[in-house]
Amino acid sequence: MKQKEIFLGNGAIALGLLEAGCQVVTSYPGTPSSEILPEVVRLIKSAGLNTYVEWSTNEKVAFDNAFAAAVSGKRAACCMKQVGLNVAADSLMSAAYIGTTGGFVIISCDDPGPHSSQTEQDTRLMARFAKVPVLDPSSPEEARQMVGVAFDLSEEFQVPVIVRPAIRVCHARENLTWGGLKNNDQKASFEKNPGRWAATPRFRFILHGELNRKLKEIGRRFEKLDPFNFHDLKSGEKYPLGILAGGVPYSVVRDILSDEDRKDIPVLKMCAPHPFPEGLAKEFMSACEKVLVIEETDTVIEYFLRDREKVLGRFSGHIPSEGELVPEVIYGLINKTLEELQMKGLSSEGHESAIELVKGLELPIRKPTLCPGCPHRASFFAIRKARPKAIFTSDIGCYTLGINLGGVDTCLDMGAGITMASGFYHSFAHDQVEQPIVATIGDSTFYHSGPAGLLNAVYNDSRFILVILDNQTTAMTGMQPTPGLGIRADGTKGKTIPLERVVAGCGVDFIETVDPYDLKAMVKLIKKAAEYTSDPAGGVAVIIARHPCVIAYREEAIPQKKEIVVTEDCVECNFCHDWFECPALYKDPDLERTAVDQTLCAQCGVCLEICPKGAIIEA
Amino acid sequence: MENINFVLSGLGGQGILFMTKLLAQSAVNKGLKILVAETHGMAQRGGSVVSHLRVGGVRGSLVRAGSAHILLALEENEAYRNIPFLAKGGKLYANAPKTSFPRKEVRPYLEKIGIECRSIPASDIAVKLAAPMSTNLALLGFFSAFQEGPISYDELKETIAQVSPDRFREINLKVFDKGFEGGSE
Ligand code: SF4
Ligand code: SF4
């Protein structure tokens, strides 16, 4: 039975995985990829499939688990965001050489903008670096189809294949028809062959040669990979300008050309750009005098085009090298190119003056903030209060927003809250300076990449306080469970691995737990921890600040609700705004003092402790 | 049918995604094609949130600046912030005071490109019905009273009944209807 349903792009990808008979799906959450695995779970439950799913502890772990499944002949996939693929890069490079037996697909979601990432890196470049094929969908429906094609290619050529949807595919919604999902009964089998599965450098040379031959062959396949790679040239015709586009920008270009009814501009769609379909590109180039290359976010296609005289792109300064290529940007740069080539322009609609107008309004800048009642706010307040002169190294998650409260000085990548803390420590200790340092990291991020850095810090006698902000979920990416909860991806019970045990296993002797809602207790504990870090017999001190996320645990997180008011004692000193920044506390221009927005207030009562004038009280 | 572009704007937590879903599902229910672009992740924590809905045979999910036929704003400043999306002759519906909206600095531009602005204090309606989180439904009800775009009041109402969780269905419909009344006056 077929049914129609509006799917999130990530849901369309999940559907593609299951339609292709994918038997093992692993993932670590990260925007914009996070919803793929939950959508897989939803679909396998509704269709009664036996697919194995797991939230892995990090992307490399996800990669290796799925890879092994593929080596045993099953169809397997791992899903992550683009910077997650960095974590799995070591595995990816090697897996390309070794190859697989079953189909192995890596879904790595890009974030041009960036909207929710540290970088705008282009996974297609990673695919080229690792020498594996990559597909770049232009819509949710196409992503769904591509997953199937990726599995077929992977199986036929025994090579990992990457599908890289960009955020506008992942977080688009489209209406799809689906139904009739079936289990794939491929059984696991492993044929020992150490020359391949455990290849030494001498064999690696041979495998590298094989990989190169596979790529040549796949490149030829990509010449005719309709509907992912094709052009609409009329045979024999010559054009002053053609557009070569891939992925999401392809959809935008198509919309613009059809809105404007421009049949004079041919398009080469290239959504399977590596291994590069050389012949197809040549054919297109030879029919056009100039070719505008529009791809996100880097120069993969442009890099392969040899005729630099003809190519207009990033190298020639025609396309911006950073930022998302949103429709108005693409519209503008096509128009500029037409003007430059003295061709008829687009029917510009002149919203530019509106942009200037809006700039002049000085609208409030709405930066993201921690939610009202968020336990991290309490933790940061306590940390700053107890160690005002410390360097605050931090990490990736909701708590990165502690930057608004002056509680976050650094954020490099997953796990660096800890490793940068030990780095800072040694750097200052080298000059005999005792620099206080407080590191923060979330529970999920700690499981992801905390232990190696913590072990190293203890082993090398670094001194700092590590506060693990344990809100018992992976909040930023949509409340996925952690190993600390012992709940698995499909909702079944797993083994709980408490943070305390992992921290102790890293060699830490000072481990204390506190509820950050109790500000006084937390400040006291941090001071005690500070003494331990400066004691010659001391070491790294770990505090676990444990309180559930108010969004994930709406009911339990705030057991005693307290209605809050601000009295006339408020002198508008700004202290609560600068140090605490609760969105429910705002400056009321009529009252000329701070007030509580009761519709936003979570009634957590933490602010009762903070006002120096005692103006925040219970009603 | 011609393609119709919606932009929906507001703040994280105001239910922009739900409002978009209601419109999209209503369009699909009557056999139309849709594409939606949503905001997830960091910005959802209290920042400006925008979603785009395109009804008709289009390929890209984002509405191009200067091409939105309808802008629905759950907050006054977020309405202004998204003015550049509006196409000539577009319509702007906002949760804002009836008389002072839109502020005078933007009026000449809106008049020049022929934008019709309609506002209603949707938050007050929701708060009065003890459903402060349902500002989105009040505005949607208000919007539906003007029979603008491809989706009617009845179709939206049916979708609300269809997709609301059981315990919210009744109140959701009530807030929606109050918004509709506000628009019909
Ligand atoms: S989602 Fe949870 S952890 Fe994230 S800011 Fe909100 S309350 Fe804090
Ligand atoms: S009780 Fe205070 S800290 Fe908690 S949400 Fe309300 S205003 Fe913010």
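**Cysteines and salt bridges in the predicted model**

Cys506(A) is buried, at a relative accessible area of 7%. The structure is a predicted model. Another cysteine, Cys371(A), has a relative accessibility of 17%. The limit for a buried residue is under 20%, so Cys371(A) counts as buried as well.

Charged pairs were examined next. Side chains of opposite charge can pair when their charged atoms come close. Over all chains, the structure holds 41 salt bridges. Three of these pairs are described here in turn.

One salt bridge joins the side chains of Asp122(A) and Arg164(A), with an N to O distance of 3.4 Å. This pair links distant parts of the chain, 42 residues apart. Asp122(A) sits in the loop between strand S5 (104-109) and helix H6 (123-130) of chain A. Arg164(A) sits in the loop between strand S7 (161-163) and helix H8 (167-170) of chain A. Asp122(A) has a relative accessible area of 4%, which means that this residue is buried. Arg164(A) has a relative accessible area of 1%, so this residue is buried too. Both residues also belong to a network of salt bridges. Its members are Asp110(A), Asp122(A), Arg124(A), Asp136(A), Arg164(A) and Glu295(A).

A further salt bridge brings together the side chains of Asp255(A) and Arg54(B), at 3.1 Å from N to O. Asp255(A) lies in helix H11 (residues 247-259) of chain A, and Arg54(B) lies in strand S3 (residues 48-55) of chain B. The pair therefore joins two chains. Asp255(A) and Arg54(B) are both buried.

The side chains of Glu278(A) and Arg306(A) also meet in a salt bridge, with 3.5 Å between N and O. Glu278(A) lies in helix H12 (residues 278-287) of chain A. Arg306(A) lies in the loop between helix H13 (301-304) and strand S13 (311-312) of chain A. The pair therefore ties together parts that are 28 residues apart in sequence. Glu278(A) is partly exposed, because its relative accessible area is 26%. Arg306(A) has a relative accessibility of 67%. Exposed means over 50%, so Arg306(A) counts as exposed.

Definitions and conventions
Residues are numbered from 1 along each chain as its sequence is written. Chains are lettered from A and ligands numbered from 1 in the order in which they are written. This is a predicted model: local features need pLDDT of at least 70, side-chain atom pairs count only at pLDDT 80 or more; totals for chains, interfaces and linings use all residues. Side-chain values use heavy atoms; hydrogens and water are left out. Buried means under 20% relative accessible area, exposed over 50%, partly exposed in between (1.4 Å probe, protein chains only). A salt bridge is a side-chain nitrogen of Lys or Arg within 4 Å of a carboxyl oxygen of Asp or Glu. Helices (H or I, at least four residues) and strands (E, at least two) are DSSP runs, numbered from the N terminus.
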